[in-house]
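Please read it alongside the sequence and the 3D view.

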Amino acid sequence: MKVNLHTHTYRCHHATGTDEEYVRAAIQAGYDKLGFADHTPLPYTSGFVNGDKMEPDKLEGYLRSVADLRQKYAPQMPIYVGLECEAVERFYPYLRELRQRVDYMILGNHGDKEFEDFFGHLSRQEQLWHYLETAVSGMETGLFLYLAHPDLMLQMYPEFDETAAQVSRRLCREANRLGVPLEYNLLGVMKGHKPGCLGYPCRQFWEIAAEENSRAVIGVDAHNPETLLRADVDAAKRTLAQMGIPVLEDPTALL
C-alpha cells in the first residue's frame, strides 16, 4: 500500500503548487491515500510572525479546500486533512481544540522559533537533549499520529557521538512507551546530506530504532507536487525491511 499523510501547501510560505495539483500528482504516482498536513498556524500574542507557517486567517480556507478535494476525488482516492504541529507547551490547549476539526495531527517539532533555534540546525550536545525533552512532551499529549522526521535534530550535527546515541535511544524508547510511530522522511532522502553533517534520515539513528523495535511510517513531506512523483516509497520500504524495522504502511489505521 502507498500512503502519504505528510503533504504541505503554499500557505506555509515554503511550499509551492495548488492543493489540487498535489492530489493529481498523488493519483499519477499511484498513491492509495493522501493526507494534507500543513504547518499549523499558532496564535502568538506577542506579535511574532513565524514565516514558515500559515497565518491563522488562512486556516479556514485550508480546511475548506481539502474538504472540497475530498468530495471531488472520492471515487479515485481518499483524502484526509491534518496539521503538522510543534511541541510548544503554551499552545497545547489551542492544539487540543484544533484537533477536533481535523482528521489527524503529526508532531513536527521544529522548535519554538520565537525563542530558540530551528531544531534542524542543532550542533551542540545540550541542544539534542532539549530536542528530546520537547519531543517527549509533545508525544505525551496524545494528540499526534506519529513523530515526523525524528532525526531532524541530527541534520546539521557533526558526528554521531555518545550524546547522539543516547538521545536517539531514549527517543525511540519513549515513542514505543507512548505508542507513537517514527517517520522515515523522504524529503530528507531527496535533499541528501551536507558534508560534515549527519543529515536525515540518519542511518545510525535508524539502527538504534531497529534495536529498540520501533515502528516506522513513511512520509514524503511534500512541499511541491513533483515530490510525490519523485519520492521512492518502495526503496524506503526495502531499506527499513533490511534493517528489520516494521513499516505501518497505512497509518490511517491508527485514526
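The accessible surface of the protein chain is about 10,900 Å², and carbon and sulfur atoms contribute 48% of that area. The model is predicted. Of the 255 residues in the chain, 57% are buried.

**Overall build**

- The protein chain contains nine helices and six strands.
- Its radius of gyration is 17 Å, close to the 18 Å that the globule rule gives for 255 residues, so the chain is as compact as a globular protein of that length.
- Along the principal axes, the C-alpha atoms fill a box of roughly 50 × 45 × 35 Å.
- Among contacts with a separation of 6 or more, 76% are between residues 24 or more positions apart.

**Charge**

- The chain carries 26 positive and 37 negative side chains.
- The centres of these two sets lie 4 Å apart.
- The count of salt bridges comes to 22.

**Lys33 and Asp250**

- Lys33 and Asp250 form a salt bridge, with 2.8 Å between the closest N and O atoms.
- Lys33 is in strand S2 (residues 33-39) and Asp250 is in the segment after helix H9 (233-243), so this pair ties together parts that are 217 residues apart in sequence.
- Lys33 and Asp250 are both buried.

**Arg90 and Asp112**

- A salt bridge joins Arg90 to Asp112, the closest N and O atoms being 2.6 Å apart.
- Arg90 sits in the loop between strand S3 (79-85) and helix H3 (92-99), and Asp112 in the loop between strand S4 (104-107) and helix H4 (125-140), so the pair ties together parts 22 residues apart in sequence.
- Arg90 counts as partly exposed because its relative accessibility is 42%, between the limits of 20% for buried and 50% for exposed.
- Asp112 has a relative accessible area of 6% and is therefore buried.

**Glu174 and Arg170**

- The side chains of Glu174 and Arg170 form a salt bridge at 3.3 Å, N to O.
- Both residues belong to helix H5 (residues 162-178); Glu174 and Arg170 are four residues apart there, so about one helical turn separates them.
- Glu174 is buried, as its relative accessible area is 12%.
- Arg170, with a relative accessible area of 42%, is partly exposed.

**A linked group**

- Salt bridges also link Asp52, Lys53, Glu86 and Lys113 in a network.

Terms used
Residues are numbered from 1 along each chain as its sequence is written. This is a predicted model: local features need pLDDT of at least 70, side-chain atom pairs count only at pLDDT 80 or more; totals for chains, interfaces and linings use all residues. Side-chain values use heavy atoms; hydrogens and water are left out. Helices (H or I, at least four residues) and strands (E, at least two) are DSSP runs, numbered from the N terminus. The radius of gyration is taken over C-alpha atoms; the globule rule is 2.2 Å times the number of residues to the power 0.38. Buried means under 20% relative accessible area, exposed over 50%, partly exposed in between (1.4 Å probe, protein chains only). Contact means heavy atoms within 4.5 Å. Accessible areas come from the Shrake-Rupley method with a 1.4 Å probe; for residues, only the protein chains shown count as cover. Lys and Arg count as positive and Asp and Glu as negative; His and the chain ends are not counted. The place of a charge is taken as NZ of Lys, CZ of Arg, CG of Asp or CD of Glu. A salt bridge is a side-chain nitrogen of Lys or Arg within 4 Å of a carboxyl oxygen of Asp or Glu.
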